[in-house]
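Have a look at it first, then read on.

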Amino acid sequence: MKNWYLFLLSLVAAFVLFIVLSFFYNQNTAEELELTDPIQIVLKSIEGQPMDFWEVVEQGIDEAAKEFGVQVRISGPRFEKEINRQINIINAVIAERPPLIVLAANDYKRLVDSVEKADSLGIPVITMDSGVYSDIPVSFIATNNIDAGNKAGAEMRRLISLNNRKTIAIVSHIKGTATAIDREAGVREALDGEDVSGTWFCDVDPEKAYQITMELLNNEYLGGIVALNEVAALGVARAVDERKASENVFVVGFDNAVRELAYLEEGIIKATVVQRPYNMGYLSIKTAVEYLKGKKVKSFIDTGSILITKDNMFKREYQELLFPVSKE
Amino acid sequence: MKKTLRFGTLESRIYMIFTLMIFATVFVMQLVSFRFTMNTVRNSTLENNRILLEQLVKQVDSYISGMEQISLAVQNDIQLIEYLQNSSNSSSDEYSFIQQRLGNYIQARNDISDIIIVGHDGTVISGDPDTALNPWTNISDKEWYTDAINRSGQTVVSSSYVQNIVAGRYSWVVSLSREIFSTHNNESLGVLLVDLKFNQIKDLCQSLVVGRKGYNFIIDSEQNYIFHPSQQLIYSELRIEPIDSIYALLGENGEPFFHDEDKYFMIETSSLTGWHIISVTNDSDIVTDWQYVQVSYAILGLVLFLVVGFATNRISTGITKPVRKLQEVMKSVDTGEFKLVGSIKATDEIRELAREYDTMVGHIRNLMEVNIKEQELKRKSDLKALQAQINPHFLYNTLDSIIWMGEMGQNKEVVLMTSALSKLFRISISKGREFISISDEIAHVESYLTIQKMRYKDKFEYAINIDPGLYNCTILKITLQPLVENAIYHGIKEVDHKGVLHITGKEIDGNIELEVIDNGKGMTSKEIDNLNKSLNSSIDDSKLSRHGMGVHNVHERIQLYFGGDFGLSYYHAEGGGTRITVLIPSKEMDLL
């Protein structure tokens, strides 16, 4: 074409058309995060019995992954006490260079090295449920355990006022874990001024919790036990049930294992503080997606806790929380 | 042909306007058709969703009606009712019979979790033999129990809830309950409870979804959630469904449907349970090939644009090219040559224009030719008049000579001179003809020479040697006389020796060449060159002497009548003096 400038004009105009149309069409499609690799999630335990908690966390994770259109891969040790195994798993995960890691740390201090390593490679870390002793994680999504401990403590304070026996014992799950430290602090804060005889650790072993309680029940002034997690609560409740001591010793637990809820119905456990694992899983992925999209995220997100008693356990809004449907 | 971008030209104007118009057209067209495509795809997807949702409602209803059938079967099971009537004195045989019967119903269907009959006295008979009653449950507080009593005999379908009637088992169920009556006296026997495994409904809702992000949920008429895939998010308000919009739609006829941002909500209501089943479809799932559609539309637009752009270019050059050619031809007017456009490849309008232009140029050319001819004619007549004039000096000098000779009594000389003068005048006039025969011309110049020779007293001699064969040829009158006059006054008169004038004439190659040779003063070569040049240039007449003007006029007249090949030339004559040649075409007198 001899009129080269007109040809050029055509091309430019066509190009402009293309760009404008593309721009217009793009406005119709929602912004979605495109990741080549899945977000890696390292949980405290998977397929462990009877930890329904992590199963529900996974449901929340799956729901969020579906909603935000991202790929996730979940891994973790079989049992919560396998700290070294979790360190190995997270190190293997870091080697895969995922876009982001969500970690529920089994130990407050021993996983710091791995988190630092991830940070040095530019992999952002979000902690969930249990944090680590570091400023590196961009966000921490968990139950505010001090707050949860406060709720348990306040309920125990109310219960103990109805009881003649006034001594209160605390049965914790594991020494050094952030959840155990915070919950105990919350409980003790709420029970300030009451007779708290001490804290015993069951090392996430229901049998040990049972043994500890059997010992504690020998104290005739003992009027209340606060059990800081599911395993501890189950051990404590079994002992109280066997000794038929529920009239005198009031138990406040944590979490919502089916057996625990049966104890609640029976009246052996008077109240339990329940977390929201589904929301925890959901919010961890939502936060991860927001962070990867470049949005500002909160450094701590409280997923909340609820005090459940026999009176409100069958309320519509708590049924799904206490009895996850997928269990059947 | 190098061009620069100029917006003033017709071509670029046409092109710019077309481009802009096409740009706008393609853009709008693209927008409309893209929207249209998306809507079509969306509507057909939603149409399919509606069918899927209707299917879902049917299946949910079939579960419920299945439960209802069981409850009817139990009510109509006479044996069972009879046993129940007698159960006041409850023997373990009767109890186990009822249990077995109920157990059969459970085993017949795998979607039933439990069938239980609760007597008014608090007895509970479960179809499942391995279960023990949960001692901590207060049945008379349960909604399914109270509702069934209140509606005496009608079936009641509960919402989804956790059934805790069996010790140590917490199962999600939807239950159907009804009061059962004795066949004899219509006495109430208690409440029958049929529990449907909620998982059945849940799985159904989760399997019949559209796309990656689609889901279904069920709400009852009291705004309770029967099922939602992420109920916990709902209760903790991390996700909010537009329940109000849904309920607002329910009163309307047709197919309740609306969309909220990128989600499409479709509602069907089960007539059996009064539940509202809502199907949610995400826009990104409806048109999964967004990118593909977008890119193909954009490419289509681009191609369309280029094609139309090319066509526009062709059209605009098709219009402007002949116009430009026309313009170039018209420019030739500036240089004085009137070119014709001739045949041209263009539209009718341009061809018409070209033809009209050609006609106009033709007229102008004719006018110019006529003008030139008229100018020539005028010049000829001017020259003719000039030529015919006899120099007044010559006339009165001649008349003085005649008077002087008369006084002297030289009668013979007077007669000779007067007759020569008369002959001179007669031939000069020649009845106004322009052409005369060479013999007449010779007579004319001889008359002149006779007079001059008498006046100058034999100052010179002359000889005329013209081929007699040419005597009948034609010549412009008064051709030779000015040359002779010039030879006398500028040649012979200037020298002391006796002058000789020699006039010759012969035919050369069909032309006649006449020569006037004198032996006078002569000229330098430079003077001769200048004279020859001045002959062909129309220099201002006043610059020439009277004689010179006569010679010049002769030359001009010859050229006017015969063309540029003919005329006069000056040469050196042998032995000094000047030779003037006259070249004219040879024509017989009769041919004229």
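## Chain B and chain A at a glance

Chain B holds 16 helices and 17 strands, where helices (H or I, at least four residues) and strands (E, at least two) are DSSP runs numbered from the N terminus. Of its 592 residues, 31% are buried. A residue counts as buried if 20 or more other C-beta atoms, placed from the backbone, lie within 10 Å of its own, as exposed if 12 or fewer do, and as partly exposed in between. Chain A has eleven helices and twelve strands, and buried residues make up 51% of its 328 residues.

A bit of housekeeping: this is a predicted model, in which local features need pLDDT of at least 70, side-chain atom pairs count only at pLDDT 80 or more, and totals for chains, interfaces and linings use all residues. Residues are numbered from 1 along each chain as its sequence is written, while chains are lettered from A and ligands numbered from 1 in the order in which they are written.

Now for contacts, meaning two residues whose C-beta atoms, placed from the backbone, lie within 7 Å. In chain A, 73% of the contacts between residues at least 6 apart in sequence join residues at least 24 apart. In chain B, residues 24 or more positions apart account for 65% of the contacts with a separation of 6 or more.

## The nonpolar cores

A nonpolar core is a set of buried Ala, Val, Leu, Ile, Met, Phe, Trp, Tyr and Cys residues joined through C-beta atoms within 7 Å. The largest one has 109 residues, and those with the most contacts inside it are A:Val171, A:Val226, A:Ala227, A:Val236 and A:Val251. Its largest share, ten residues, comes from helix 1 of chain B. There is also a second, separate core of 43 residues, which includes A:Ile141, A:Tyr282, A:Ile285 and B:Leu233.

Who touches A:Val251, leaving aside its neighbours within four places in sequence? Among its contacts are A:Ile225, A:Ala227, A:Val236, A:Ala237 and A:Ile268.

Helix 5 of chain B (residues 198–207) has B:Phe198, B:Ile201, B:Lys202 and B:Cys205 buried. Seen down the helix axis, these buried residues fall within an arc of 100 degrees, so they line one face of helix 5 of chain B; the arc is that of the directions from the helix axis to the C-beta atoms. On the other side of this helix, B:Asp203 and B:Ser207 are exposed. The buried residues pack against several elements of chain B, including helix 1 (10–76) and strand 6 (215–219).

Strand 6 of chain B is worth a look too. Five of its five residues are buried, so strand 6 is largely enclosed by the rest of the structure. B:Tyr215, B:Phe217 and B:Ile219 point one way, and B:Asn216 and B:Ile218 the other. Strand 6 runs antiparallel to strand 10 (residues 276–282) of chain B, with five bridges joining them; strands pair if DSSP finds at least two bridges between them. B:Ile218 sits opposite B:Ile277 in strand 10 of chain B, and it also stands opposite B:Phe227 in strand 7 of chain B. In the hairpin of strands 6 and 7 of chain B, with five residues between the strands, B:Gln223 takes a positive phi near 65 degrees.

## An open sheet in chain B

Five strands of chain B form an open sheet with mixed pairing, in the order 12-14-15-17-16. Strand 12 (460–466) and strand 16 (567–572) stand at the edges, each with a single partner strand, so one side of each is left without a neighbour in the sheet. Strand 15 (residues 511–518) and strand 17 (residues 578–585) of chain B pair in the antiparallel sense over seven bridges, with B:Ile512 opposite B:Ile584.

Two residues other than glycine have a positive phi: A:Val204, near 55 degrees, and B:Asp509, near 50 degrees. Buried or exposed, what is A:Val204? With 21 C-beta neighbours inside 10 Å, A:Val204 counts as buried. B:Asp509, in the loop between strand 14 and strand 15 of chain B, has 6 such neighbours inside 10 Å and counts as exposed.
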